[in-house]
Amino acid sequence: MSQTAMKWTVILLLFVIIVLLSVCLYLDIDFSGGQNGLVSTPAGNSSSTDTTAVNAFATDTAPITYTSPVLTGTETPETDPPVTSIRPPVTTPVPTTEVPETTTVPETTEPPSVTTERPYDPDAPTICIDPGHGFTDPGAVAKLNGKEVYESTINLEISLHLKESLEKMGYNVILTHDGVNLPDEEYLSETSPRYNVNNRRKWILDRKDSIDLVISVHCNTYSTPTPSGSRYYILRTDDEGYNSRSYTLMTKLLQSVKTAFGLSKEPSWARQDLAVLKNGLPSVLLECGFLTNPGDLAQLVDAAWQTRYAQAIAEGIAAYCKAYVTK
Ligand SMILES: [Zn+2]
């Protein structure tokens, strides 16, 4: 064979090879031994992203088995599970609403009442206050600005101020009455006035062992408007003169009132046979002023004056108790 013939033979063989390769590619003939060029994908799922897809040119020729129930089952293919978003739900932040500041309501405490009994202190002296008159007995009656003023009202007001002052100092205080409630029936008289001085004396005597001293509160009157100022009275007995402890108590009261009010003239005092003072205890009856004196009357009805006066009396009582009452 000539060289030219050899040359054309080679060219022809190359051409035939190219043609054969082209035909094979066209017919999609697999030279790797597989059934065909593409591996079957599960029915209804030919997505290239399916994990069961196998590279067509993989060298692993082991038979591929499917375990998907879709392929083995004959029943109705499972429907796709409901799509559940794996993205966490966007939670719209709930705006925090301004909580209005709550107004702190202070604890309400019961206001101290005048009639509230202070707990009894066995280590403190006990003072008995007798507000003169009361109930059906108004005592002396004065006129102020066209209105009647009862002595019993003023007596009770001063007595309550005195009670308050003494209790603040730590003393026990008892009243023969509070102006509202009458004592028990045994202390009442069938004659008018029902709760008279004799009945109060009985009331005090029944409590004598627990009382250290007695103060009876009154206001004075006279036939003319001239007399003014306080008068203090203690009991006089025919055989003993007067009770020395009552006298000492009275002088303490006089000193205290003189100091508090700067009196140029000391309140006078006298010894009288006053039933309410017949109790054997240190006892003083106060006539705080004259209802018949215009100047005294204006003071006697004034709450500020009543408070000052009661405080002075309380300090006189305290001076006496510190010196003479042992507990
Ligand atoms: Zn009186």
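Hi everyone, let's start at one lysine: K202 is partly exposed, because it has 14 other C-beta atoms within 10 Å. On that scale, 20 or more such atoms within 10 Å means buried, 12 or fewer means exposed, and partly exposed lies in between, with C-beta atoms placed from the backbone. Before I go on, this is a predicted model, where local features need pLDDT of at least 70, side-chain atom pairs count only at pLDDT 80 or more, and totals for chains, interfaces and linings use all residues. Residues are numbered from 1 along each chain as its sequence is written.

So where does K202 sit? Its place is in helix α4, residues 197-205; helices (H or I, at least four residues) and strands (E, at least two) are DSSP runs, numbered from the N terminus.

Which residues of α4 are buried? They are V197, N199, R200, R201, W203 and I204, and they pack against β1 and β5. Contact here means C-beta atoms, placed from the backbone, within 7 Å.

That brings us to β5, residues 213-220, which is mostly covered, with eight of its eight residues buried. In a regular strand the side chains alternate between the two faces of the sheet. Here L213, I215, V217 and C219 are buried on one side, and V214, S216, H218 and N220 on the other.

What does β5 pair with? Pairing takes at least two DSSP bridges between two strands. Strand β1, residues 126-131, runs parallel to β5 and is joined to it by five bridges, with I129 opposite I215. Strand β9, residues 283-290, also pairs with β5 in the parallel sense, over six bridges, and there S283 is the bridge partner of V214.

Now to a helix pair. The axes of α5 (residues 244-261) and α7 (residues 303-324) come within 8 Å and cross at roughly 135 degrees. Those axes are lines fitted to C-alpha atoms over the stretch in contact, with angles from 0 to 180 degrees between N-to-C directions. The two helices are therefore oblique to each other, given that under 35 degrees is roughly parallel, over 145 roughly antiparallel, 65 to 115 roughly perpendicular and the rest oblique.

Who meets whom? From α5, the residues include L249, L253 and F261, and from α7 they include I313, A319 and Y324. The residues of this contact divide into 10 nonpolar, four polar and four charged; Ala, Val, Leu, Ile, Met, Phe, Trp, Tyr, Cys and Pro count as nonpolar, Asp, Glu, Lys and Arg as charged, and the others, Gly among them, as polar.

Terms used
Two residues are in contact if their C-beta atoms, placed from the backbone, lie within 7 Å.
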